[in-house]
Amino acid sequence: MSTDTTPEIRLAGLRKSFGDLEVLRGIDLEVTKGQVVCVIGPSGSGKSTLLRCVNLLEQPSAGTVTVGGVELTDPDADLDRERRRIGMVFQQFNLFGHLSVLDNVALPQRRVLGTDRATAERVARDNLARVGLADKASAFPAQLSGGQQQRAAIARALAMGPEVMLFDEPTSALDPELVGDVLAVMRSLAEEGMTMLVVTHEMSFAREVADRVVFMDGGHVVEDGPARQVIGDPRHERTRGFLARVLDPAAAPLEAGAD
Ligand SMILES: Nc1ncnc2c1ncn2[C@@H]1O[C@H](COP(=O)(O)OP(=O)(O)O)[C@@H](O)[C@H]1O
Ligand SMILES: [Mg+2]
């Protein structure tokens with residue numbers, strides 16, 4: 001096997017329970033280097049838990065998580081070191097309100113990587129430019145729109161030099177007119193070859209940018225295939241029902257058990 005086909009992210013037999021509630025029920029998922037995989041599925045199906053298991057923000061109950069060839073679920077893994085290779089962007093941007101945008105992006109490099117101030121600020125400016133915020137370096141988060149704050153959060157993650165990026169509904173908290181700018185940044189990252197695992201309800205983004213779409217329901221991967229096929233011609237009834245509701249919420253009846 002050539003290194004090009006080695007999965008950058010590999011989840012095998014992944015399970016996660018909270019008390020009696022089994023949220024992930026045996027997930028097998030691979031993302032190869034440079035691939036963009038979108039995860040879709042109803043609320044409560046385990047999408048966020050899945051992402052949080054990839055960087056071990058949640059400790060899986062069973063199964064393995066391997067990123068860049070290193071098994072993170074190995075008890076001997078140096079999680080602090082391995083997590084630096086994994087960038088994460090949340091629905092809520094989690095910027096520090098008392099710090100400028102520049103400091104928000106520079107500080108984690110200094111704290112976590114030990115980068116000197118001048119280098120951290122240069123890397124921060126480079127990444128702010130990358131997300132279209134070169135002119136907002138000295139602004140404070142409250143002075144930015146939600147879309148700009150989310151782009152700053154993406155710059156903060158990128159400034160750490162991650163090998164893979166995880167996105168958990170990055171546009172769900174945004175006013176509709178601000179979604180496009182964030183998706184455009186994510187699209188450009190994908191075009192640069194970033195390996196990305198993205199939980200999203202943005203079906204046009206998934207169809208156009210993702211290599212694969214994974215439909216999750218009830219802690220299982222129900223369907224995993226090429227984006228256009230899963231969205232355009234899903235094999236499973238549950239995928240069809242979910243897509244009907246997402247693509248046309250007013251027209252489709254709710255299925256029992258979905259929310
Ligand atoms: N820390 C936790 N403790 C207990 N239950 C949790 C925790 N995190 C998530 N859950 C439960 O796990 C299920 C899946 O949640 P989540 O992964 O957030 O789903 P999704 O992101 O698909 O909406 C939900 O029933 C949720 O209430
Ligand atoms: Mg979620």
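Author: Strands (E, at least two residues) and helices (H or I, at least four residues) are DSSP runs, numbered from the N terminus, and two strands pair if DSSP finds at least two bridges between them. This is a predicted model, in which local features need pLDDT of at least 70 and side-chain atom pairs count only at pLDDT 80 or more, while totals for chains, interfaces and linings use all residues. Residues are numbered from 1 along each chain as its sequence is written, chains are lettered from A and ligands numbered from 1 in the order in which they are written, and side-chain values use heavy atoms, leaving out hydrogens and water.

Reader: How do you know that β1 and β2 are paired?
Author: Strand β1 (residues 7-18) is joined to β2 by 9 bridges, and the definition asks for at least two, so the two strands count as paired. They run antiparallel, with L24 in β2 as the bridge partner of K16 and I27 in β2 as that of L14. In their hairpin, 2 residues lie between the strands, and G19 has a positive phi near 60 degrees.

Reader: What makes β2 and β5 the edge strands of their sheet?
Author: The open sheet has 4 strands in the order β2-β1-β4-β5, with antiparallel pairing. Both β2 (21-32) and β5 (70-71) pair on one side only.

Reader: Why is the pair E58 and K16 called a salt bridge?
Author: The term requires a side-chain nitrogen of Lys or Arg within 4 Å of a carboxyl oxygen of Asp or Glu. For E58 and K16 the closest N and O atoms are 4.0 Å apart, so the pair meets that rule. Since E58 lies in the loop between α1 and β4 and K16 in strand β1, the pair ties together parts that are 42 residues apart in sequence. The structure holds 15 salt bridges.

Reader: What is left without a neighbour in the sheet of 6 strands, and why?
Author: Those 6 strands form an open sheet in the order β6-β7-β8-β3-β9-β10, with mixed pairing. At its edges stand β6 (86-89) and β10 (220-226), and each has a single partner strand, so one side of each has no neighbour in the sheet. Elsewhere in the sheet, β7 runs parallel to β8 (residues 195-199) and is joined to it by 5 bridges, with D168 opposite V199 in β8.

Reader: How much area is buried between the two domains?
Author: Buried area is the accessible area (1.4 Å probe) that two parts lose on being put together, summed over both, and for domain 1 and domain 2 this is about 1,100 Å², with 70% coming from carbon and sulfur atoms. In domain 1, R84, M165 and V185 lose the most area to domain 2, together 40% of what that side buries.
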